Amino acid sequence: MYAQMIKSEATADDPDKLKAFQARIDAGEKIEPKDWMPEGYRKTLIRQIGQHAHSEIVGQLPEGNWITRAPTLERKAILLAKVQDEAGHGLYLYCAAETLGVSRDEMTRMLLDGRMKYSSIFNYPTLTWADMGAVGWLVDGAAIMNQVPLQRTSYGPYARAMIRICKEESFHQRQGFDIMMKMANGTPAQRRMAQDALNRFWYPSLMMFGPSDKDSVHSAQSMRWRIKINTNDELRQKFVDQTVPQAEYLGLTVPDETLSWNEERGGYDFAEPDWTEFYDVLKGNGPCNTDRIAARQKAWDDGAWVRDGLMAHAAKRKAAKAAAQ
């Protein structure tokens, strides 16, 4: 249905402009905020960048849960810095989306009323300290796999925001792998915690790349516009091929009995995630959906006085400027 909407929006635009726009995309040019763009392109970017921004902000919640319980002062400082980075990533992305004519207040309202989503991975709980390792290693690892190609996406503000985000995410992944390495080489109890964290986060991490290409609604048009550079299945395969040797190095077992190296393809054969679970979580039925949205709603409500004050101040300055002219 969404693909039909995009198509109808595109065909409603001037055919000559559409042809010239696609020629710029095909030539590898960046589209900037003041450039003409199809309405479908703009809406697709708002959906994707908005979801990305919300994911960065909601992603602070399962990590913030462990700041006061980190095992050492050093670990606490590192985790604090990481959560701060995620807030910054959300800011960069909201700013990029605002260049498309949508405010971050509007995007937040869309999140709270269900018109926008965030990554399904953040609807799973972080039960032990080892989960902080799994989140950094697997979740941020999957995020990097998704985001590095976005540095070459066709929309300029989005591509530029991704440069710093990717650099910081690479540190987050190393931090997570370091935690997993310490746990895997620790006591038998710590090793069991590391394996349990891998068991619980493996398949949700594979879901982060989105549904299989044959079931993806947005991929074909997004790739034509170079909003996306790689397909969901390509990125998922690359993630598995990179991560399995890392698990072996840690001495941990990927929870997939079908996992095997395919010499002919030069990659691993692996089991697909449970897509029924994926769509159920997207519908709001995951373990932490209610808690995550409740936390964002509380932040929105508690911050109302700040937004009102800022808007009143801005209106006062605008009125004073008009009077001076």
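Colleague: Which element gives the most to the lining of the second largest pocket?
Modeller: Bear in mind that this is a predicted model. With five residues, the top contributor is α5.

Colleague: And how much space lies in the second largest pocket?
Modeller: The lining comes to 16 residues, and I57, Y94, R104, T108 and R296 are the ones nearest the centre. As for the space in this pocket, the figure is about 400 Å³.

Colleague: How many residues of that lining are charged?
Modeller: By class, eight of the lining residues are nonpolar and three are polar. The charged ones number five.

Colleague: Is α3 roughly parallel or antiparallel to α5?
Modeller: Helix α3 covers residues 39-58 and helix α5 covers residues 73-98, and their axes sit 8 Å apart. The packing angle is about 160°. Anything over 145 degrees gets the same label, so α3 counts as roughly antiparallel to α5.

Colleague: What is the handedness of the crossing where α3 passes α5?
Modeller: On the α3 side, the contact is made by I49, H52, A53, H54, E56 and I57. The α5 side brings E86, A87, H89, G90, L93, Y94, A96 and A97. As α3 passes α5, the crossing is left-handed.

Colleague: How many residues of the contact of α3 with α5 are nonpolar?
Modeller: Four residues of this contact are polar, and two are charged. The nonpolar ones number eight.

Conventions. Residues are numbered from 1 along each chain as its sequence is written. This is a predicted model: local features need pLDDT of at least 70, side-chain atom pairs count only at pLDDT 80 or more; totals for chains, interfaces and linings use all residues. Side-chain values use heavy atoms; hydrogens and water are left out. Axes are lines fitted to C-alpha atoms, for helices over the stretch in contact, and angles run from 0 to 180 degrees between N-to-C directions. Helices (H or I, at least four residues) and strands (E, at least two) are DSSP runs, numbered from the N terminus. Angles under 35 degrees count as roughly parallel, over 145 as roughly antiparallel, 65 to 115 as roughly perpendicular and the rest as oblique. A crossing is left-handed if the near helix is turned anticlockwise from the far one by less than a right angle, and right-handed if clockwise. Contact means heavy atoms within 4.5 Å. Ala, Val, Leu, Ile, Met, Phe, Trp, Tyr, Cys and Pro count as nonpolar, Asp, Glu, Lys and Arg as charged, and the others, Gly among them, as polar. On a 1 Å grid over the protein atoms alone, a cavity is a set of points where a 1.4 Å probe fits but cannot get out, and a pocket is an open set with protein on both sides within 12 Å along at least five of seven lines; lining residues have an atom within 4 Å of a point. Grid points are joined across faces, edges and corners, and a volume is the space filled by probe spheres set on the points.
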